[in-house]
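Hi everyone, thanks for coming.

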Amino acid sequence: MVVLWTDALIYVLIVVMLALGIYLRGKEHIQRPLQQIGRSKIGMASLVVLLFFVLIGLLDSVHFKPADDKKNEIISLLDAFATPLREHGEKTYSAPFATTLYSKEMMTLADGSIQWAYPRLEFGGRHLEDTETQHIADILQKAVYGLAQGASLIGFVMLLMWGLLAEQHKRFIRSSTAKTVWAVVFVIVSFSYASIHLSAYYHIFGTDKVGEDVFYQAVKSIRTGLVIGTLTTLIMLPMAIIFGILAGFFRGWVDDIIQYLYTTLNSIPGVLLIAASILMVQVYMANHEAAFTSVIVRVDTRLLFLCMILGVTSWTGLCRLLRAETLKLREMEYVQAASALGVKQGAILLRHILPNVMHIVLISVVLDFSSLVLAEAVLSYINIGVDPTSYSWGNMINGARLEMAREPIVWWSLTAAFVFMFALVLAANLFADVVQNAFDPRRSGNE
Amino acid sequence: MTQYIIRRLLYSLPLLMGVNILTFVLFFVVNSPDDMARMQLGQKHVTEQSIANWKQQHGYDVPLLWNDDAQGEKKITDTIFYQKSVGLLLFRFGVSDSGRNIGADIKERALPSLAVALPTLMIGLLVNICFALMMVLFRNSYLEHAGLVLCVILMSISSLFYIIGGQFFIGKVLRLVPISGYDDGMAAIKFLILPVLIGVFSGIGSGVRWYRTLFLEEVEKDYVRTARAKGLTETQTLFRHVLPNAMIPILTGVVVVLPLLFMGSLIMESFFSIPGLGSYTIDAINSQDFAIVRAMVFLGSVLYVIGLLLTDISYTLVDPRVRLS
């Protein structure tokens, strides 16, 4: 097993989340908003979609070197599952479900004559004898077969759950929220099963310029999006929390210095700061080539740097919010009482201030996630995002953008990237709304 | 008032110095000029001589902070810090790594940037406020609910999709306006329609939601209830009482971004090939022209600081409750 830097940080993130979950168990003031989220249909449905993306991302975060491989390549669990997709490369562009390449070529036929025609794909629709008559029927048949198989699989699991849980946990099964959740799970599982089934025979989103399967690219990009959305916050949180609380609590010169720090950082337009830093990272990596032996390590390092830089540019907003809240909290009676009773300042900060600003932290983490995922695409477009060789939706869009001028246009790469991105961001936005409603005390009257 | 402004201007000096030092550290300390030279000249077969030449050409052949070989005050002035960074404070942008005069370039390119950014902001503001007012007027109805759902959906679509989709349908399929390009004078209008339209549209989702929360906060206040109790209709209360009061946060939010409009939008300008400052910056990033990026970072922060100052002043002008002290 090979642990890359971002992998390690993802594991750390998961451990932190688990620890937080255990710590918060049974705390009444946290339970209530959590239950409110649990009752919200939209909230739970979007959470299921998010978890599905996270699952794929996690599969893609366990890297190892295959034992039998001589190329010394590092692959992830997801790559191992998707080996056929990875290896079934075509020559160049082909449309979704196509059996031929996208452009005509000179071909030498069996009898020696030369023909100007669309060559058959090497892998897509290889099993078909006669493409013209069988093509559509075969796709439909395989789609229905895949859907039915997926549906019966998840149906079986649901029946099992119902049988096991029905007596003790009726509300987990019967409540309308639970029904929504099961419906979403049902749809996701049967559709992903169907697309996996289909992608064994066809390129369901077509292939790109070098003949790589677009479906594979889009799925691989999920990890990049998630890493940028989550690790950036993980990196910026300690800075924002420590500085924000210290500035609000101690005031005076500490406050002055911290305010100066974040106003300075804030006054540089974010994109330019990112551009400048990425340029510097590029120079550094170009001059230390020896340290980045394999492609995947280089890609990973740059991704980590990007997260750090995004973190540095985005902590200021949260820091300002926390400072304002701490300024308010330190005048509260219970804080005054604690200091009158002789509680040490460090203890007051940890025990009385920190838990009471956590809702702000939580809300801003969920709100930031979707904007970071969207920002990744834009940054990759202006070449200051992730490494151009890595899988990301921004790179897919960037690569396909130039082909818009072709006739007929190559639309599938763009569509796949936008659809995947839209699904993730929409789920994140809906979930963020529900979380904000539940945790924001100003909105507690709602619902 | 004047005293306050002067004091604020003095406050902004340490800020700009901070930015200056930060860019200096980023551009010259993290990577030495030697590294930059090697990067620009290509990695592999670079001789010491050609690196020295490159540094000589671009004025990077002096020490970073302190020149021991020079005499008197030249010990400080003959350094990279003084020549490259302090000059920025006086708006001497110098020449780019490819030999062009940055100051002149910026002057020439600021206008096209403004021509895209200003209409986008103004029309966007108008559209967003109209939709937000409508949603507040029909609050707690299916119309508002549908509007909110639509906003979340619009928010979740990448801005790149709006640009590519708009260029494709309006520019290529319908052929209403040119896909990209720019022209001088009034002829520029037909090139500006599409970017402005797309800019406005891509901001609707988040904009309407934001203004709606501002309006909703006002709607629940006591003076609005009084207005309704007096017998004013809902529309009258909205336009005569809620709108003017909600305009305070809206206006100050707009004022802070006004100076930054000169910087243009990186994405829009490069997609529509408008020769503004945004595409200037992108070109500089792509050709790794450090001098231009440094100049733009500094210019951006100066404009931001001006924006902050204008915000404070505009608060006193529109909100009688705030007094400068």
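Let me start with pLDDT, the predictor's confidence in each residue, from 0 to 100. Helices are DSSP runs of H or I with at least four residues, strands are runs of E with at least two, and both are numbered from the N terminus. This is a predicted model, where local features need pLDDT of at least 70, side-chain atom pairs count only at pLDDT 80 or more, and totals for chains, interfaces and linings use all residues. Residues are numbered from 1 along each chain as its sequence is written, with chains lettered from A and ligands numbered from 1 in the order in which they are written.

Chain A averages a pLDDT of 85, and 96% of its residues score at least 70.

Now the interface: 43 residues of chain B are in contact with 37 residues of chain A, contact being C-beta atoms, placed from the backbone, within 7 Å. On the chain B side, α14(B) gives the largest share, 8 residues.

And what about the core? A nonpolar core is a set of buried Ala, Val, Leu, Ile, Met, Phe, Trp, Tyr and Cys residues joined through C-beta atoms within 7 Å, buried meaning 20 or more other C-beta atoms within 10 Å of a residue's own. The largest has 146 residues, and Ala275(A), Ala417(A) and Val293(B) touch the most other members. Helix α16 (residues 412-439) of chain A supplies its largest share, 18 residues.

Conventions. Two residues are in contact if their C-beta atoms, placed from the backbone, lie within 7 Å. A residue is buried if 20 or more other C-beta atoms lie within 10 Å of its own, exposed if 12 or fewer, and partly exposed in between; C-beta atoms are placed from the backbone.
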